[in-house]
Amino acid sequence: MLSTMQDGPLLVSGILRRGQAVYGDSLVITAQSDGYRESTFTQVAARAEQLSKALRRLGVGADDRVGTFAWNDQEHLEAYLAIPSMGAVLHTLNIRLFPEQLAYVVNHGEDKVVIVDASVAPLFARVRDECKTVEHVIVVGEGDTTGLGDILSYDDLIGAEEPGCEWPELDERQAASMCYTSGTTGNPKGVVYSHRSTWLHAFAGMNTNCVGASEKDRVLVIVPMFHANAWGMPYTAFFAGTDLIFPERYLQAEPLTRIIAEQRPTLSLGVPTIWNDLLHYSRSHDVDMSSLRLLTAGGAAVPRSLMEAYEERFDIAMIQGWGMTETSPVCAFGRAPKGIAPEEEMTWQAKTGRIIAGVELRVVDEEGRVLPNDGTSVGEFEVRGPWVTGSYYGEPTPDRFHDGWLRTGDVGSLDGRGFMQISDRTKDVIKSGGEWISSVELENEVMAYPGVYEAAVIGVPDERWDERPLVVIVAAEGAHPEPAEILTFLSSRVARWWLPERWAFADEIPKTSVGKFDKKVLRAKAADGALEIHEVGLPAHGR
Ligand code: ADP
């Protein structure tokens, strides 16, 4: 028996229309060198309508890809809303990719038009000639556009159109946007989000088990809009009437803390390295974070010491989210469960997260057998659900899927309450004497030691044990953390055989284009002898 329910498609234009009709006064604020630009949702929606008409005039039709090469700003949001709504496909391009990778994703995605922020135009100019499918480059703002060939001005283009348009009735399974993985694991692979997946994922972001964004919130979106759609927040915010604050290119601790003090966001999202920078900055500068109720950290493991520091110093909850470009991305969110004593909450928050409504998670062993959700059986996570990809764009990769589930490449355990604990990525796990050492857990413990600014742990070859951990440390300003002392500190926190005997100091940990520790680069440096490695004796009884 079929239901009597209506069956309208879930479309990005529905998100746009709701923000426009219901939250017309909500604000979109973009930082700029001399202050801020401010527009209402009504104005942004009208400009999105104008943009869609202008693109249509340029010949953009159904399924055509329109790339964006931009910071987080108002025009980027207009593209987020207009391009899918008109039936074309938004392709967010990572402005920090190496030229070869950038040219690769533009060509692989077959972008027809690219919208480029003037301030990053020189970066796009490096690959312009290689992008054979690109017919038009539209530039937002003023700047050096040498090397881009003929360009169109964004403001002139949309200024020639009147607001107001009827959005087409699309199939909800149709492509809305695409994003390539940031390539930590080889060549970037394309993921194509549908209208339905985008709508459902944005809806989940309003859920109080997840971020719970509402009209009363103001969200500072630090995670780039080219990194898995800024974790869906632009769409969630437009759906919920949440004011959006975009930092544009002002992503260092000084301007970010100023934006927080002046614009008073209640929510913010970013990778842990950003929150670590802000925390260290706040130790020597006056900052006002009193407006914030929730910080979401994700994209990489969040050290417990970082969450504790925000709670103790600022009384701000930092909750970690887990996800991948392949999963839209949010699939888990680490709020503590009910019935937990306040002093125990941090133990739960420090886990990777609790699976959110709408998606399912399981752990399998190396033979693909499903392991029990007992919180101790360790294997690879597999995930499925309506905002999880079922394939990669134009690239058959059957090994990444298993019986309709996506293999995540993340290793860890799942408990009976849906809490996942990632111990590592499969390729980062350190295999020492037939046992696994979690590089993530080790580095989180090292980063808890005062005077350590950042620490990354990689496996290096060892004659006796196959592999042993190497800790690479960046010292905090003015601090001189000693490996021998850190080892004493670690000895009560990790198993004895985990204690690392190899240590190196660095000025910084190399980061990927989305701000995560780049262990591939670190491993190459260690192999090339580019790190000065110190052997340090272990405390007392050894392993
Ligand atoms: P890339 O795979 O190129 O790094 P993604 O941003 O898609 O790009 O990365 C997804 C991966 O990031 C996950 O598979 C996982 O390894 C890691 N990750 C994301 N969130 C967390 C988290 N809270 N804890 C640990 N790892 C995380």
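Analyst: Domain bounds come from an automatic or database domain assignment. The model discussed here is predicted.

User: How is the chain divided into domains, and how many Å separate the centres of domain 1 and domain 2?

Analyst: Domain 1 takes in 36–188 + 220–237, and domain 2 takes in 428–535. Taken over C-alpha atoms, the distance between the centres of domain 1 and domain 2 is 39 Å.

User: Which domains each give at least three residues to the lining of the second largest pocket?

Analyst: The second largest pocket has a volume of about 410 Å³. It is lined by 17 residues, and those closest to its centre are Arg96, Thr273, Ile274, Val514 and Gly515. At least three lining residues come from each of domain 1 (36–188 + 220–237) and domain 2 (428–535).

User: Which element supplies the largest share of the lining of the second largest pocket?

Analyst: By class, this lining has seven nonpolar, six polar and four charged residues. The largest share, three residues, is from H10.

User: Which residue of S13 is the bridge partner of Ser268?

Analyst: S12 and S13 are parallel and share four bridges. Within S13, Ser268 has as its bridge partner Leu295.

User: Through which helix does the chain cross from S13 to S14?

Analyst: The β-α-β crossover from S13 to S14 is right-handed. The helix on this path spans residues 304–314 and is H11.

User: Is strand S13 largely enclosed or open?

Analyst: In a regular strand, side chains alternate between the two faces of the sheet. Leu294, Thr296 and Gly298 point one way from S13, Leu295 and Ala297 point the other way, and all are buried. Because five of the five residues in S13 (residues 294–298) are buried, the rest of the structure leaves this strand largely enclosed.

User: How many cavities of 30 Å³ or more are there, and what is the volume of the largest?

Analyst: The count comes to four cavities of 30 Å³ or more. The largest cavity has a volume of about 100 Å³.

User: Which strands each supply at least two residues of the lining of the largest cavity?

Analyst: The largest cavity has 15 lining residues, with Asn94, Cys179, Tyr180, Thr181 and Phe226 nearest its centre. The lining divides into eight nonpolar, seven polar and no charged residues. At least two lining residues come from each of strand S4 (89–92) and strand S8 (175–180).

User: Where does Pro329 lie, and what is omega for the bond that joins Ser328 and Pro329?

Analyst: Most peptide bonds are trans. Pro329 lies in the loop between S14 and strand S15 (330–333).

User: Is Ala228 buried or exposed?

Analyst: Ala228, in the loop between strand S10 (218–221) and helix H8 (233–240), has a positive phi near 50 degrees. The cut-off for buried is under 20% relative accessible area. At 1% relative accessibility, Ala228 is therefore buried.

User: Is Asp403 buried or exposed?

Analyst: Asp403 is not a glycine, yet has a positive phi of about 50 degrees. This residue lies in the loop between strand S19 (401–402) and strand S20 (405–414). Exposed means over 50%. With 64% relative accessibility, Asp403 therefore counts as exposed.

How values were computed:
Residues are numbered from 1 along each chain as its sequence is written. This is a predicted model: local features need pLDDT of at least 70, side-chain atom pairs count only at pLDDT 80 or more; totals for chains, interfaces and linings use all residues. Side-chain values use heavy atoms; hydrogens and water are left out. Buried means under 20% relative accessible area, exposed over 50%, partly exposed in between (1.4 Å probe, protein chains only). Two strands pair if DSSP finds at least two bridges between them. A crossover is right-handed if, with the strands pointing away from the viewer, the path from the first strand over the helix to the second runs clockwise. On a 1 Å grid over the protein atoms alone, a cavity is a set of points where a 1.4 Å probe fits but cannot get out, and a pocket is an open set with protein on both sides within 12 Å along at least five of seven lines; lining residues have an atom within 4 Å of a point. Grid points are joined across faces, edges and corners, and a volume is the space filled by probe spheres set on the points. Ala, Val, Leu, Ile, Met, Phe, Trp, Tyr, Cys and Pro count as nonpolar, Asp, Glu, Lys and Arg as charged, and the others, Gly among them, as polar.
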